[in-house]
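I opened this model to look up its pockets, its annotated residues and a few points of backbone geometry. My entries follow in the order in which I checked them.

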Amino acid sequence: MIIQKIGIIGAGQMGNGIAHVMALAGYDVVLNDVSQEALDSAIVAIEKNLTRQVSKEKITSDAMSTAMARITSTLTLADVGKTDLVIEAATEREAVKQAIFDELLPHLQPHTILTSNTSSISITRLASRTDRPERFMGFHFMNPVPVMQLVELIRGIATDQDTYAACHAVVERLGKTAASAEDFPAFIVNRILMPMINEAVYTLYEGVGSVQSIDLSMKLGANHPMGPLELADFIGLDTCLAIMNVLHDGLADTKYRPCPLLTKYVEAGWLGRKTQRGFYDYRGETPVPTR
C-alpha cells in the first residue's frame with residue numbers, strides 16, 4: 001500500500017522528532033497531543049531543529065519551509081484516524097497506550113496501519129486488543145530521531161507481510177536503516193542497553209565508583225560517546241526504570257532487577273535532563289554529579 005499521510009500521537013521529544021523526519025521525507029503529518037502547550041512546543045522544537053540543519057547545510061531553506069507546511073497539529077484524536085499510518089509515541093505506560101488505541105479505533109480507515117513507538121511493551125499484546133492485529137507492529141525510533149540512523153521494526157505474532165513491507169518502505173524513504181526484531185521484552189537495543197545502564201547504577205549504588213568515574217571509564221575505556229549515567233539522564237530515568245521493569249516481569253530473571261537507587265531517583269522526581277536533575281544536576285552552566 002502507498003503511505004502518504006502519517007498520524008503521530010504524542011508531541012513530546014520522540015513525537016516531534018518523528019514528525020520532523022516524516023515531513024522532511026515528504027509525508028503529510030498530523031501531530032496530536034492532549035495538551036495545546038505540548039503541540040506548540042513541538043512545532044517550535046521542529047522549527048529550531050530544522051533551522052540547525054539548514055545552518056549546517058544538511059537541508060535547504062526551501063526544504064525546511066516545505067516540511068513545516070506539511071505538519072498540522074490537533075487536539076482531536078479522531079483527526080489522526082484519517083491517515084494511512086499511525087505512530088503512537090505517548091508515554092511508556094501500557095494503560096495509556098491502550099486507552100489511546102481504544103479511543104482511536106472507531107475513527108480509523110479500513111486500510112490504516114497502527115504502530116507503536118514503544119521501547120519495550122509487547123506488540124502482540126497491544127495488537128490483540130485492536131480490530132487489526134495483522135496491521136499492527138512496533139515502529140521504534142531512537143532518540144534524537146533526526147540524528148539516529150536506526151529504526152527497530154517489531155512484528156507481533158499476527159503482523160502480516162504487507163504491513164511489515166509498508167513500514168520498511170517508510171524507513172527507507174527516511175534514509176534510515178531498519179533492524180527487524182522479534183516481539184520479546186525490550187526488543188534488541190534496549191534488551192542490551194538498559195541492563196548496561198542498570199549495572200552502571202548498581203556500580204554507583206555499591207560505591208565501586210562515582211558518577212564521574214563511571215562515565216569517564218566507559219567513555220575512555222570502552223570508547224562510548226556518552227557515559228551510561230549521562231545517557232540514562234538523557235533518556236529519562238523513569239523510562240529506564242519502566243523498561244527494566246518490563247524486562248524483569250517479562251523474562252522473570254533476577255539479572256534484570258532494577259537497581260534500588262534507580263527507583264529512588266525516580267521516586268524523588270529526579271528523572272534526568274527533562275527535570276533538570278538526575279545523576280547530574282543541570283541547573284547551572286555545566287552539569288554537576290549528584291553523587
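**Where the largest pocket sits.** I began with the largest pocket and found that domain 1 (5–182) and domain 2 (189–289) both give residues to its lining, so the pocket lies between them; the domain bounds come from an automatic or database domain assignment. For the pocket search, a 1 Å grid is laid over the protein atoms alone, and a pocket is an open set of points where a 1.4 Å probe fits, with protein on both sides within 12 Å along at least five of seven lines, while lining residues have an atom within 4 Å of a point.

**Conventions.** I note that this is a predicted model, in which local features need pLDDT of at least 70 and side-chain atom pairs count only at pLDDT 80 or more, whereas totals for chains, interfaces and linings use all residues. Residues are numbered from 1 along each chain as its sequence is written, and side-chain values use heavy atoms, with hydrogens and water left out.

**Domains.** I looked up the C-alpha centres of domain 1 and domain 2, which lie 26 Å apart. The contact between them (heavy atoms within 4.5 Å) takes 10 residues from domain 1 and 6 residues from domain 2.

**Lining of the largest pocket.** I read a volume of about 1,600 Å³ for the largest pocket, where a volume is the space filled by probe spheres set on the grid points, which are joined across faces, edges and corners. Its lining has 50 residues, and Gln13, Met14, Asn143, Ile235 and Thr239 lie nearest the centre. Two or more lining residues come from each of H1, helix H4 (94–104), strand E6 (136–141), helix H7 (189–205), helix H9 (228–235) and helix H10 (237–251); helices (H or I, at least four residues) and strands (E, at least two) are DSSP runs, numbered from the N terminus. I sorted the lining by class and got 27 nonpolar, 14 polar and 9 charged residues, with Ala, Val, Leu, Ile, Met, Phe, Trp, Tyr, Cys and Pro counted as nonpolar, Asp, Glu, Lys and Arg as charged, and the others, Gly among them, as polar.

Which residues does the UniProt annotation "binding site" cover? The unreviewed entry lists Gly10, Ala11, Gly12, Gln13, Met14, Gly15, Asp33, Glu92, Lys97, Ser119, Asn143 and Lys274. Of these, the lining of the largest pocket includes Gly10, Ala11, Gly12, Gln13, Met14, Asp33, Glu92, Lys97, Ser119, Asn143 and Lys274. I keep in mind that UniProt positions are given in the numbering used here, that feature names are shortened, and that annotations may be inferred rather than shown by experiment.

**Two residues of that site.** Met14 lies in helix H1 (residues 13–24) and, leaving aside neighbours within four places in sequence, is in contact with Asn117, Phe141, Met142, Asn143 and Val145. Ser119 lies in the loop between strand E5 (113–116) and helix H5 (123–128). Is Ser119 buried or exposed? Ser119 has a relative accessible area of 8% and is therefore buried, since buried means under 20%, exposed over 50% and partly exposed in between (1.4 Å probe, protein chains only).

**Second largest pocket.** I found about 520 Å³ of space in the second largest pocket, which is lined by 24 residues, with His20, Gln53, Val145, Pro146 and Val147 nearest its centre. H1 gives the most to this lining, with 6 residues, and by class the lining has 10 nonpolar, 9 polar and 5 charged residues.

**Backbone geometry.** I checked the peptide bond from Asn143 to Pro144, which is cis, with omega near 0°; Pro144 is found in the loop between E6 and strand E7 (150–155). Phi of Glu57 is near 60°, a positive value in a residue other than glycine, and Glu57 sits in the loop between H2 and helix H3 (61–69), where it counts as exposed at 71% relative accessibility. Phi of Gln276 is near 75°, again positive in a residue other than glycine, and Gln276 is partly exposed, with a relative accessible area of 35%.
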